[in-house]
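This report describes a two-chain model, chain by chain and then feature by feature. The sequence and structure come before the text.

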Amino acid sequence: MFRIVPEWAYNYQGFWDAVKFRNIWFIKLRYFAVFLLFCFLTIISYYFSNSISSYQKSFILKIILAILFYNVILHYFSDKIKSKPKRFNCLHYSLLQMVLDLAALLSLVYITGGIESPFYLFFIFHMIIGSLILPGRVVYLLALGVISGYSLMAFLQFLQFFNFIESHLISELIQYSKTPNILYISYELIIFSFMIITSVFLANHIAHNLYKREMELKHALDLIKENEIAKQKYIMGLVHEIKTPISAVRTMLDLIIENFLGPVSDEVGKKLLQSRKRTNETISLINNVLRISKLKLLEDVSKENLFLKELIDNVIEIIGPEASEKNIKISLIEFDEKEFSELTGDKILLELAISNLVNNAVKYGNDNGRVIIDASRNGDFINLNVADDGVGIPGDEIHNIFNQFYRASNIKKKNKEGAGMGLSVVSEIIKRHGGEIKVVSPSKIGNTDSPGTQFTVILPIHF
Amino acid sequence: MSLIAIIDDDPDIIEATSLVLNAKGYEVVTANNPVDGYTIIKEKKPDLIILDVMMDEPDDGFFLAQKLRREKIDIPILMYTSVSKAVGFEFGEGELVPVNDFVEKPISPEQLVQKVENLLI
């Protein structure tokens with residue numbers, strides 16, 4: 001197939017989307033043109049009936065019907081044209097539309113007075129549009145075709161002056177020159193050609209520069225993506241290396257704490273427990289960093305059918321022991337499982353996200369507190385709320401909490417350990433599912449002393 | 001009593017795992033690379049293999065697990081990984097890893113004993 005697609009655009013979806021969008025737009029515009037032409041024909045037939053012959057009328061009608069006919073066909077095939085650069089593709093489709101339109105326009109100009117028909121201005125309109133979307137060499141070829149067509153028209157006009165052939169004028173509407181004027185025809189032809197070439201040159205030049213700019217931007221974007229991948233891989237490698245010795249330390253601490261190496265004094269035991277706690281914190285930070293990096297490297301997340309209740313129950317079960325230590329009651333408000341039966345998403349990731357939210361609620365909750373989880377359907381979205389009556393988040397800091405490493409000031413004051421990575425994992429996972437996460441403090445179950453925090457995850461049902 | 005082979009490139013993990021398992025009355029053989037690991041499995045025919053992923057080795061833990069399964073050695077394998085399944089670092093979708101269970105490092109003594117007991121039943 002005749003290749004008219006620039007090479008940089010071969011695998012650039014943005015280019016193909018733009019071409020497809022334009023094709024549809026042209027088709028719609030053409031229906032409008034058919035309507036306008038029909039109005040033109042009707043008006044001229046009724047109000048200027050003497051100035052137009054029945055031959056002209058039927059010719060114009062045929063042109064209108066032809067345009068309508070090919071537009072319906074183009075419309076029908078518009079979504080079946082593929083984006084394959086080496087075969088017939090949507091850019092060829094644009095070119096085909098252009099050629100058909102120019103042929104129709106040439107016929108229209110011929111039947112409404114030749115070079116003196118006002119319709120000739122539409123050639124310039126067409127050539128500018130063509131220059132913006134088609135590559136230079138193709139547009140110059142088209143321009144050459146248009147100039148040749150127009151020259152033929154000029155030649156016919158010349159013959160008409162001497163009555164060699166019949167002329168098709170709309171005499172009442174336009175004042176035509178009565179006498180043969182070679183100079184006038186030549187002027188008209190030269191100026192028309194000049195105008196076409198200049199318009200094509202300028203429009204094509206501008207479009208070319210825009211394309212070049214787009215190509216540079218695309219290149220820069222690719223480079224950023226590549227660097228991001230390299231960066232995430234580096235982080236994963238590095239963090240992974242850090243995790244190995246820390247895991248060994250944790251294992252050794254376990255051995256000592258659990259008296260595999262003989263008894264230790266209470267005092268030492270306490271310090272060892274604290275060491276294990278801090279080590280665990282580091283490990284969970286490392287795991288979160290690994291998860292974020294992995295998520296950023298992931299092209300797409302899996303889509304499987306999810307059972308929301310099962311997912312939440314799993315989370316409650318995992319976090320249960322930690323919650324019982326502080327006597328925090330986690331409850332799930334009963335909901336109708338059927339409402340969420342179509343929910344799809346990545347089970348492991350969503351479980352991780354929900355578990356991070358519930359975990360946070362427990363971690364920053366007060367002793368004897370409550371965590372309430374509820375879900376409701378809102379059109380094509382589900383709203384999942386995790387509310388606690390814990391320390392809450394100060395109002396002016398609430399917009400920062402999804403940032404990596406951010407920890408609210410009131411939590412730091414209370415000496416709660418943590419690294420502030422959990423919520424950015426949640427936010428990344430929800431983003432990957434096309435959803436969003438909101439946070440309010442105080443929560444619906446909070447009070448003045450412990451305002452609490454409430455997270456709302458909004459997920460599209462059909463991810 | 002059951003014999004358990006521990007194959008890990010981290011000597012501290014070998015030591016700690018051996019200590020816990022010895023304390024529970026299991027016998028233990030160890031190797032610190034997949035090649036030696038393969039040899040001790042062939043020679044000692046353990047009842048269970050605890051195998052680390054050992055990503056730094058040219059033939060990693062997965063390679064050894066696959067090699068064993070190809071040779072119709074179906075001793076249960078408990079695989080140590082340092083990255084969880086949720087992170088999915090090693091486990092590409094559809095990648096079949098012929099092991100009986102995974103455990104993410106660090107593993108606590110109780111967890112280790114529980115996993116080992118489950119696999120030895």
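Is B:Lys45 buried or exposed? B:Lys45 is exposed, because 11 other C-beta atoms lie within 10 Å; a residue is exposed at 12 or fewer such atoms, buried at 20 or more and partly exposed in between, with C-beta atoms placed from the backbone.

## Basis of the model

The model is predicted, so local features need pLDDT of at least 70 and side-chain atom pairs count only at pLDDT 80 or more, whereas totals for chains, interfaces and linings use all residues. Residues are numbered from 1 along each chain as its sequence is written, and chains are lettered from A and ligands numbered from 1 in the order in which they are written.

## Overall content of the chains

Chain A contains eleven helices and seven strands. Helices (H or I, at least four residues) and strands (E, at least two) are DSSP runs, numbered from the N terminus. Chain A has 463 residues, of which 31% count as buried. Contacts are pairs of residues whose C-beta atoms, placed from the backbone, lie within 7 Å. Among the contacts in chain A between residues at least 6 apart in sequence, 73% join residues at least 24 apart.

Chain B has four helices and five strands, in the order β-α-β-α-β-α-β-β-α from the N terminus on. Of its 121 residues, 37% are buried. For contacts in chain B between residues at least 6 apart in sequence, 63% join residues at least 24 apart.

## Helix α1 of chain A and its packing

Helix α1(A) covers residues 13–47, which is 35 residues. From first C-alpha to last it reaches 51 Å, close to the 51 Å expected at 1.5 Å a residue; the expected span is 1.5 Å times one less than the number of residues. Its buried residues are A:Phe15, A:Trp16, A:Val19, A:Asn23, A:Phe26 and A:Arg30. These buried residues pack against α2 (54–77) and α3 (90–111) of chain A.

Two packed helices are described by the angle between their axes and the distance between the axes. For α1(A) and α3(A), the axes come within 9 Å and cross at roughly 30 degrees. Axes here are lines fitted to C-alpha atoms, for helices over the stretch in contact, and angles run from 0 to 180 degrees between N-to-C directions. The two helices α1(A) and α3(A) are therefore roughly parallel to each other; angles under 35 degrees count as roughly parallel, over 145 as roughly antiparallel, 65 to 115 as roughly perpendicular and the rest as oblique. The crossing of α1(A) past α3(A) is left-handed, a term used if the near helix is turned anticlockwise from the far one by less than a right angle, with right-handed used if clockwise.

On the α1(A) side, A:Trp16, A:Val19, A:Lys20, A:Arg22, A:Asn23 and A:Phe26 meet A:Cys90, A:Leu91, A:Tyr93, A:Ser94 and A:Gln97 of α3(A). By class, this contact has six nonpolar, three polar and two charged residues. Ala, Val, Leu, Ile, Met, Phe, Trp, Tyr, Cys and Pro count as nonpolar, Asp, Glu, Lys and Arg as charged, and the others, Gly among them, as polar.

## Helices α4 and α5 of chain A

The axes of α4 (residues 121–133) and α5 (residues 136–161) of chain A come within 10 Å and cross at roughly 170 degrees. That angle makes α4(A) roughly antiparallel to α5(A). The crossing of α4(A) past α5(A) is right-handed.

From α4(A), the residues A:Phe123, A:Met127, A:Gly130 and A:Ser131 meet A:Val139, A:Leu142, A:Ala143 and A:Val146 in α5(A). The contact of α4(A) with α5(A) has six nonpolar, two polar and no charged residues.

## Surroundings of B:Met79

B:Met79 is in strand β4 (residues 77–81) of chain B. It counts as buried because it has 21 C-beta neighbours inside 10 Å. Leaving aside neighbours within four places in sequence, B:Met79 is in contact with B:Leu51, B:Val53, B:Gly61, B:Val99 and B:Phe102.

## Backbone features in loops

B:Lys45 has a positive phi of about 45 degrees although it is not a glycine, and its place is the loop between α2 (34–44) and β3 (48–52) of chain B. A:Asn259, also not a glycine, has a positive phi of about 60 degrees. A:Asn259 lies in the loop between α6 (182–257) and α7 (266–297) of chain A and counts as exposed, with 12 C-beta neighbours inside 10 Å.

The peptide bond from A:Ser441 to A:Pro442 is cis, with omega near 5 degrees; A:Pro442 is in the loop between β6 (436–440) and β7 (454–460) of chain A. In chain B, the bond from B:Lys105 to B:Pro106 is cis, with omega near -5 degrees, and B:Pro106 lies in the loop between β5 (101–104) and α4 (109–120).

Technical notes
Contact = placed C-beta atoms within 7 Å.
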